[in-house]
Amino acid sequence: MGQARAACCLLLLAAVASERCGARFVFLLQVSPAVARNGSLVPTPVLLKPAGRAGASQEPGSLALVAESGGSVSFVAMVDNLQGDSGRGYYLEMLLGTPPQKLNILVDTGSSNFAVAGAPNVDVTSYFDTKKSSTYRSLDTEVTVKYTQGSWTGTLGTDVITMPKGIHGTYTINIATIFQSDNFFLKGVKWHGILGLAYSVLAKPSSSVETFFDSLVSQAKIPNIFSLQMCGAGLPVSGSGTNGGSLILGGIEPSLYEGEVWYTPIKEEWYYQVEILKLEVAGQNLNLDCREYNKEKAIVDSGTTLLRLPEKVFNAVVDAIVRTSLIQEFSSGFWIGAQLACWDISEEPWTMFPRISIYLRDENSSSSFKITILPQLYIQPVLEIGQNLNCYRFGISSSTNALVLGATVMEGFYVIFDRAQKRVGFALSPCAEVGGFPVSEIEGPFTTADVASNCVSTMSFHEPILWIVSYALMSFCGLVLLFLIILLLLPPRFRHRYTENDIVNDESSLVRHRWK
């Protein structure tokens, strides 16, 4: 009876909150309190649809942008130079043009173009007015970039930039000014452009466009390495405030990590592609072929909000979470991002969910290490309903073309992009704590005897290779067509005249004997 009253009270609180906030709730048809293994009552979540367009497949407010002595370097000056949150991205303040125009630029390790709003847009508060900059030079080249979510079209040009909390000095950079976009600038975002930090092979319209970071390495004479800390663990993904973080250009800042740095090789220099060996939920191996984790590619991408998994892997992870969590009844809408789960404000649902471990191949190919995220990283607070409920979203989603270690994972670690030595490093981040307790772990080394020697396809079908293959096939088809035309134009006297000896009769026909 007491349990039934608790469930009814929770429903009543949610209903009252919905009337006050105008939120639309979708309750489970049957709400029954879950019971922990020790017999104690586990608070039952209320499920509701997040605000957003009906039928939208993307999570509300989420991103998927699935893309050396001109100045002195002070890593300490770059600490806490980022603002933002995992739901809408982390951004860096930058000054563009002459006189300088201040803009906030999203940090994205999953693309390679540096682009800013170049015209007024209802979803951005500022834009770069090229007419007001005496140093802007247009290259008269139109460029279009498409992401997992959204796209933009702009004009390529060059101008000078400075970073108040970055490398000292002024540098000339390729900049695309965006004049048209589709679902790229999100409502409520506080950034006005994107800083692509991946390799030039992904740059548009071609890899000949020097990337922002390549320009810094060349002009500022800094080492070819940068590192990233995103401090949003356990904080609302779409609150009114902002969280902090650090982008260290040119090296590693020791104060931003604890313990040892574990490195995994970059498999190919386009995205920051790594090799995933296996996944565990609550310490139990999913027992999938390791190639399933690296289907097409597995990348580290700060511009993607969630941990994105190939469909087969995603389903296996959800099934394992359901089996090992203390929630007896849970709507499928929560797992696919269509619903939020809400608990009484006095409850912390994280204790009801398991930890998830991801194994990466070590620089020593016969060894691996694992990075572990606790539920505080993937059961993410979104908003409060009145004064009674806290609502959460699932920080993992299904992907059709890649495994993406996005902000859900990266917020647990200090991540080092060591381009000079072709490796990505992970270390524990001091800011990855909730309530004074760490929400991430790193362990190793482990043997790789139980996995394949190579979990990544040896054939790389990313875009530049596809173009080469396409042109090769077109050339081959052209040669064949030319040969046929020449045969047709040959005079009759050059053609073979058949005799009786050339004719294959029915008795020796392969077709006749095949059907005998």
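Predicted model: local features only at pLDDT ≥ 70, side-chain atom pairs only at ≥ 80, totals over all residues.
## Getting started

A residue counts as buried when its relative accessible area is under 20%, as exposed when that area is over 50%, and as partly exposed in between.

Now for the overall picture. The protein has 516 residues, and 51% of them count as buried. Its fold contains 10 helices and 32 strands.

## Three disulfides

A disulfide is a covalent bond between the sulfur atoms of two cysteines. Searching the whole structure turns up three disulfides. If you count the bonded cysteines along the chain, their pairing pattern is 1-5, 2-6, 3-4.

Let us begin with Cys231 and Cys431, whose sulfur atoms are 2.2 Å apart in a disulfide. Cys231 belongs to strand β12 (residues 225-231), while Cys431 sits in the loop between β29 (423-428) and β30 (433-434), so this bond ties together parts that are 200 residues apart in sequence. The torsion about the S-S bond of Cys231 and Cys431 is about -90°, which makes the disulfide left-handed. How accessible are the two ends? Cys231 has a relative accessible area of 16% and is therefore buried, whereas Cys431, at 23%, counts as partly exposed.

## The other two pairs

Cys290 and Cys455 are also joined by a disulfide, with an S to S distance of 2.1 Å. Here the pair links distant parts of the chain, 165 residues apart: Cys290 is in helix α4 (residues 290-293), and Cys455 is in the loop between β32 (440-447) and α9 (463-489). With a torsion of about -95° around the S-S bond, the disulfide of Cys290 and Cys455 is left-handed. Both Cys290 and Cys455 are buried.

What is the handedness of the disulfide between Cys342 and Cys391? Its S-S torsion is about 100°, so it is right-handed. The sulfur atoms of Cys342 and Cys391 lie 1.9 Å apart. This bond runs between two strands, with Cys342 in β21 (residues 340-344) and Cys391 in β25 (residues 389-394), and so ties together parts that are 49 residues apart in sequence.

In soluble globular proteins, nonpolar side chains tend to be buried together. In this model, the largest nonpolar core has 111 residues, and Phe114 and Phe426 have the most contacts inside it. Helix α5 (residues 311-324) gives the largest share of this core, seven residues.

Which residues surround Phe114? Leaving aside residues up to four places away in sequence, Phe114 touches residues that include Met94, Leu96, Ile105, Ile161, Ile173, Ile194 and Phe212. There is also a second, separate core of 20 residues, and among its members are Ala117, Val189, Trp191 and Val209.

Arg361 is located in strand β22 (residues 356-361). With a relative accessibility of 5%, Arg361 counts as buried. Where does its side chain reach? The side chain of Arg361 reaches the backbone oxygen of Ser365 at 2.8 Å and the backbone oxygen of Ala452 at 3.0 Å.

Ser112 is found in the loop between β6 (101-108) and β7 (114-117). Ser112 is buried too, at 2% relative accessibility. A polar atom of the Ser112 side chain lies 2.4 Å from the backbone oxygen of Tyr199 and 3.4 Å from the backbone oxygen of Ala198.

## A glycine to look for

To finish, find Gly154 in strand β9 (residues 151-162). Is Gly154 buried or exposed? Its relative accessibility is 0%, so Gly154 counts as buried.

What does Gly154 touch? Not counting residues up to four places away in sequence, its contacts are Thr141, Glu142, Val143, Thr177, Ile178 and Phe179. Gly154 and Ala115 are 39 residues apart in sequence, and their C-alpha atoms are 8.0 Å apart in space.

Technical notes: Residues numbered from 1 in each chain as written. Heavy atoms only, no water. Disulfide = S-S within 2.5 Å. Helix = DSSP H or I, 4+ residues; strand = E, 2+ residues; numbered from the N terminus. Buried < 20%, exposed > 50% of the residue type's maximum accessible area, 1.4 Å probe, protein only. Polar contact = N/O pair within 3.5 Å; in protein donor to acceptor, adjacent residues only side chain to side chain. Core = buried A, V, L, I, M, F, W, Y, C linked by side-chain atoms within 4.5 Å. Contact = heavy atoms within 4.5 Å.
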